[in-house]
Amino acid sequence: MSSVLQPATTDPDPSPAGTSTAGTYRPVSSHLAIAPPVSVVIPAMNEAENLPYVFKTLPDWIHEVVLVDGNSTDDTVRVARDLWPGVKVVEQRGKGKGDALITGFQACTGDIIVMVDADGSADGNEMVSYVSALVSGADFAKGSRFANGGGTDDMTFVRRLGNRALCSVVNRKFGARYTDLCYGYNAFWRHCLDKIDLDCTGFEVETLMNIRVVKAGLKVQEIPSHEYLRIHGTSNLRAVRDGFRVLGVILKERSNRRALRRRTRRSPMLDAVRGEAS
């Protein structure tokens, strides 16, 4: 992976929004320019009214926008193309947020992938912090609403309590140090996908990613992020239903980890070594 830091030039980036500038240095801030191309994945279903707010804050230095359309019945695709002419629209064949993200990740060509919700709750201006963390050495930049400097306008008491409890379980069982667990604003190097092997379809995908990056020994850096209210429409998230799905993922991953340890202890090769030693 390329993660070269260079002083940012004072000249504006001549490439228009939505076009690729891979292979050149793109100014990200007044102190940083990057060579790795950045892909932004936005899963969307009937989010035509929210997309103008989402695209308005996307930085012009990104390499590509991949919109995964979940069979929208409104003008989601047309609005996306009007707002970002170079947008790559991918049709989702399955269902669920996890399935949409996996579909989008497969379509990315950038070295860095950023996942952003389509409801207008995320601020694209924060993306510079995520990318800076990655080019400075992190493998996975994890957004957190509860890290110092973060916040949320869109979390009920029940969801906040559930998130805290589930986060504590993951920290205790997997040796993580997370302050937030179920948040969809994250960024990572594309090579991480080979190590976490995503295989879930619903909202629990963020939890699965957070667990597997720890199990894979990847370097994680939390990024303070502010979550705003959904602008239009209603969320498909259901606190109790999806909370149980998240818990199911945690238990399954813990069980798999124990099974792997048992297989390692019972390895024929290890048995042969022990036999020779005796």
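Predicted model: local features only at pLDDT ≥ 70, side-chain atom pairs only at ≥ 80, totals over all residues.
A residue is called buried when its relative accessible area is under 20%.

In helix 2, which spans residues 76–83, the buried residues are Thr 76, Val 77, Val 79 and Ala 80. Viewed down the helix axis, these buried residues fall within an arc of 165 degrees, so they line one face of helix 2. The packing partners of the buried residues of helix 2 are strand 3 (38–44), helix 1 (51–56), strand 4 (64–69) and strand 5 (88–91).

Helix 3, formed by residues 97–107, is mostly covered, with nine of its eleven residues buried. The buried residues of helix 3 are Lys 97, Gly 98, Ala 100, Leu 101, Ile 102, Thr 103, Gly 104, Phe 105 and Ala 107. Gln 106 also belongs to helix 3, but Gln 106 is exposed, because its relative accessible area is 65% and exposed residues are those over 50%. The C-alpha atom of Gln 106 is separated by 9.4 Å from that of Leu 193, although the two residues are 87 residues apart along the chain.

A nonpolar patch on the surface is formed by Phe 157, Val 158 and Leu 161, which together have about 340 Å² of accessible area.

Methods:
Residues numbered from 1 in each chain as written. Heavy atoms only, no water. Buried < 20%, exposed > 50% of the residue type's maximum accessible area, 1.4 Å probe, protein only. Helix = DSSP H or I, 4+ residues; strand = E, 2+ residues; numbered from the N terminus. Arc of directions from axis to C-beta. Contact = heavy atoms within 4.5 Å. Patch = residues over 30% accessible without salt bridge, like charges linked within 9 Å, V, L, I, M, F, W, Y side chains within 5 Å. Areas by Shrake-Rupley, 256 points an atom, 1.4 Å probe, with all protein chains shown as cover. Salt bridge = Lys/Arg side-chain N within 4 Å of Asp/Glu carboxyl O.
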